[in-house]
Structure formats: structure tokens, C-alpha cells
Amino acid sequence: MLRRSIRRKLPVFIVTIFFILYVDFQLSTSSHPKLSVAPRLVPPAPAEGPPLDRGRSTGTGGAPPSEGAPRGTELKLEDIYVAVKTTGRFHRTRLALLLATWVSRIRTHTFIFTDVEDEELQSNGFNMVVTGCQSDHSQQALSCKMSAEYDGFLASDQRWFCHVDDDNYVNPEALLALLSTFPQDADIYVGKPSLDKPITGHELLEGNATREVRFWFATGGAGFCLSRRLAEKMAPWASGPRFERTSATIRLPDDCTVGFIVEKKLGISMVHCPLFHSHLENLLLISRRSILHQVTLSYGMFDNKMNSIEVKGSFSKADDPSRFKTVHCLLYPFTSWCP
């Protein structure tokens with residue numbers, strides 16, 4: 001029993017040490033502003049109306065924490081609200097894979113946002129949220145679901161909001177280790193951009209006028225996280241029907257809209273983190289030694305070939321083309337269905 005307990009706890013300890021060393025390395029060696037954990041404070045917003053557009057700040061700070069903000073307490077996995085965006089046609093394929101793997105580890109605080117009822121999934125105790133949004137991949141449909149995710153988080157008592165897609169594997173312990181490195185009462189928006197430069201958009205103003213805006217955004221296909229304090233500050237542009245309205249004013253998808261609100265409306269910089277991954281990147285470039293330390297992984301078809309990580313295990317590529325089962329069994333070898 002003692003050896004089994006040590007074996008279960010050892011990966012958590014290794015992941016935590018990895019993240020501490022990683023953040024320390026970034027802080028001590030990098031002068032690039034993309035990853036900035038030690039912030040310069042942004043002045044508090046005016047008392048009346050939404051905060052002014054201050055452009056990009058160089059840090060992630062803000063006004064003093066509200067009364068409900070966490071103060072110095074240790075972050076736990078249960079403090080993280082994980083939202084998974086999916087659609088009905090993927091319930092038995094993409095989503096089923098997630099439910100059998102990482103979602104099973106944190107199911108009580110993982111919420112599935114979809115567009116159709118599914119009595120089987122609900123009867124099995126998963127947190128299903130039927131949004132009423134369209135099932136296509138349009139800007140309106142995507143923003144509708146992101147709006148539901150955001151409102152669901154605000155109605156909870158969790159301290160972090162993390163969004164992922166139904167083709168992402170989430171390493172819960174790596175996610176916890178990453179978020180634990182940040183000040184828990186700060187304004188944090190962390191993820192990975194899909195572009196190598198800020199996106200350029202055009203914000204619609206009154207009288208059909210427009211203005212050019214440039215900002216970073218974390219691609220939703222890799223996943224991203226928001227601290228509660230920052231999420232609450234986003235409310236004037238994101239709560240209720242406001243998120244879809246904001247998305248319409250810049251005519252960009254949901255993940256771009258989050259970046260627009262955070263960077264342009266609130267003047268807070270996104271924290272760029274290479275530990276999130278989407279199917280838009282070459283996943284073969286992730287080194288085998290570092291796979292178990294990544295926060296998210298993904299898979300997908302590219303040029304008629306499967307784009308997935310390269311990792312050895314008990315499952316063949318034919319049985320596990322995404323490699324999610326293989327990764328899960330490396331992280332949790334005592335899972336009942338692992339060889």
C-alpha cells in the first residue's frame with residue numbers, strides 16, 4: 001500500500017517541481033513581454049461605467065481584490081471550473097473519449113456545453129449544459145456557447161475558469177501546477193496564441209464608423225484560463241447577451257472576443273504559455289520527455305494525415321489514433337481499462 005501511495009503521488013510532485021523551475025527560468029532569462037508573471041499594476045477602473053480602453057499593459061495586475069477574492073489559500077483542483085465546448089454529433093466520438101479519460105478524474109467540476117439533450121450522458125452523472133445555441137461552427141454559434149460557459153462560471157464559486165474544446169486532453173495536475181504559480185488575487189489570462197503576432201480587427205463604432213484594433217488572443221483550440229477577478233471585470237462586455245454583442249462589434253470568433261475584451265477593453269496583457277496545444281500546430285514537435293508535463297494536448301487531421309503526439313504505450317495507433325488513451329494510462333496506470 002505504501003509503495004502504491006508513493007507511486008500515485010510521485011507524478012504530482014514531479015509536475016509541480018517542473019512548473020516552478022519553468023516559471024523561474026522564464027522570469028530570470030526572458031526579456032520578451034509575452035510571458036510576464038511579475039506584473040506592473042494597472043490603475044483601477046473608474047467608479048462609473050466600464051473601464052476605459054488603455055491598450056496593452058505590460059503586466060497582469062489590477063485594482064485591489066474584492067472582498068470575495070481568495071487571499072493566500074492554496075489552490076485545489078476543485079477550485080478550477082473546466083468548460084468543454086462540444087456539439088451533438090461528437091457526443092459518441094470526441095466527447096466519449098474525453099469522458100473516459102481526463103474528465104473522469106475531475107468530473108464534478110467539469111461542465112460539458114453542447115447544443116442537444118443527451119439523457120445517457122446526464123444519467124451517468126456528467127454535468128451537461130444544453131445551451132440552445134446553433135450546432136454549426138459559425139461565429140454566432142461559437143460566441144453563444146462561450147457566453148454560456150462564461151455565465152456558468154460566474155454563477156459558480158470556483159476561482160479559475162478554463163475553456164477547452166472536445167479535441168483537447170487536459171492534464172489536471174499540470175493545470176493545477178501552472179495556475180498555482182500565479183498570484184491568486186491577480187488578473188490572469190493565460191493560454192497560447194495560434195498566430196505569431198497580434199491579430200488585427202476592426203471594431204464597429206457608432207454611426208457605422210470603425211477603428212483598427214490589434215491584440216493577442218489565446219486560441220480556444222488549445223484551451224485558456226481566466227482568474228475569477230479578471231473574469232468579473234469582463235462582465236460589462238461579456239455577461240448575459242453582452243458577449244455575443246461584443247463579438248459582433250469586432251466580427252471575430254469567441255476566442256478572439258475574449259482577447260479583445262481583456263487586452264483592449266481592460267488593458268491587461270495575455271500571458272503566453274507554450275504548455276497549451278491545439279490541432280493547428282505540428283504536434284510531433286512536442287518532445288516525448290515533456291508530454292506528461294503539458295497542460296493540454298490535441299489531435300486532428302492535417303493534409304489527410306493524423307496530427308497527434310508521438311508517444312509509446314500499450315495502445316497501437318490504430319486503437320488510439322489521438323494517443324489520449326496512451327497518455328492517460330501513463331499518467332494514471334491504475335485506471336481499470338489500462339493494460
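Over the ring of which residue does the charged end of R107 sit? The ring is that of F126, and the charged end of R107 lies 4.1 Å from its centre. This briefing concerns a predicted model. The structure holds three disulfides, and a search of the whole of it finds 11 aromatic pairs. The largest nonpolar core has 48 residues.

**Nonpolar cores**

- Within the largest nonpolar core, the residues with the most contacts are I80, W102, L175, L179 and V190.
- Two or more residues of this core come from each of the elements β1 (80-85), α2 (94-100), β4 (160-165), β5 (168-170), α5 (172-180) and α10 (324-331).
- Helix α5 provides the largest share of the core, namely five residues.
- Another core, of 34 residues, lies apart from this one; Y189, W216, I250 and M270 are among its members.
- Beyond its neighbours within four places in sequence, W102 is in contact with V82, V84, T110, V164, N168, Y169, V170 and H328.

**Aromatic rings and charges**

- F161 counts as buried at 2% relative accessibility, and F224 counts as buried at 0%.
- One aromatic cluster is formed by Y81, F111, F153, F161, Y189 and F224.
- F153, a member of that cluster, has R228 lying over its face, at 4.3 Å from the ring centre.

**Disulfide of C133 and C144**

- The sulfur atoms of C133 and C144 are 2.0 Å apart, and the two residues form a disulfide.
- The link of C133 and C144 is left-handed, with -75° about the S-S bond.
- C133 is in the loop between β3 (127-130) and α4 (139-154), while C144 is in helix α4, 11 residues apart.
- Both C133 and C144 are buried.

**Disulfide of C162 and C225**

- A disulfide is also formed by C162 and C225, with their sulfur atoms 2.1 Å apart.
- This link of C162 and C225 is right-handed, with 110° about the S-S bond.
- Since C162 lies in strand β4 and C225 in strand β9, the pair ties together parts that are 63 residues apart in sequence.
- C162 is buried, with a relative accessible area of 3%, and C225 is buried at 1%.

**Disulfide of C329 and C338**

- C329 is joined to C338 by a disulfide, with an S to S distance of 2.0 Å.
- This disulfide is left-handed because the torsion about the S-S bond of C329 and C338 is about -90°.
- Both C329 and C338 are buried.

- With bonded cysteines counted along the chain, the disulfides follow the pattern 1-2, 3-4, 5-6.
- C256 is buried, with a relative accessible area of 5%.
- C273 takes part in no disulfide, and the nearest cysteine sulfur, that of C225, is 9.3 Å away.
- C273 counts as buried at 3% relative accessibility.

Technical notes. Residues numbered from 1 in each chain as written. Predicted model: local features only at pLDDT ≥ 70, side-chain atom pairs only at ≥ 80, totals over all residues. Heavy atoms only, no water. Core = buried A, V, L, I, M, F, W, Y, C linked by side-chain atoms within 4.5 Å. Buried < 20%, exposed > 50% of the residue type's maximum accessible area, 1.4 Å probe, protein only. Helix = DSSP H or I, 4+ residues; strand = E, 2+ residues; numbered from the N terminus. Contact = heavy atoms within 4.5 Å. Phe/Tyr/Trp six-rings, centres within 6.5 Å; stacked < 30°, edge-to-face > 60°. Lys NZ or Arg CZ within 6 Å of the ring centre and 35° of its normal. Disulfide = S-S within 2.5 Å.
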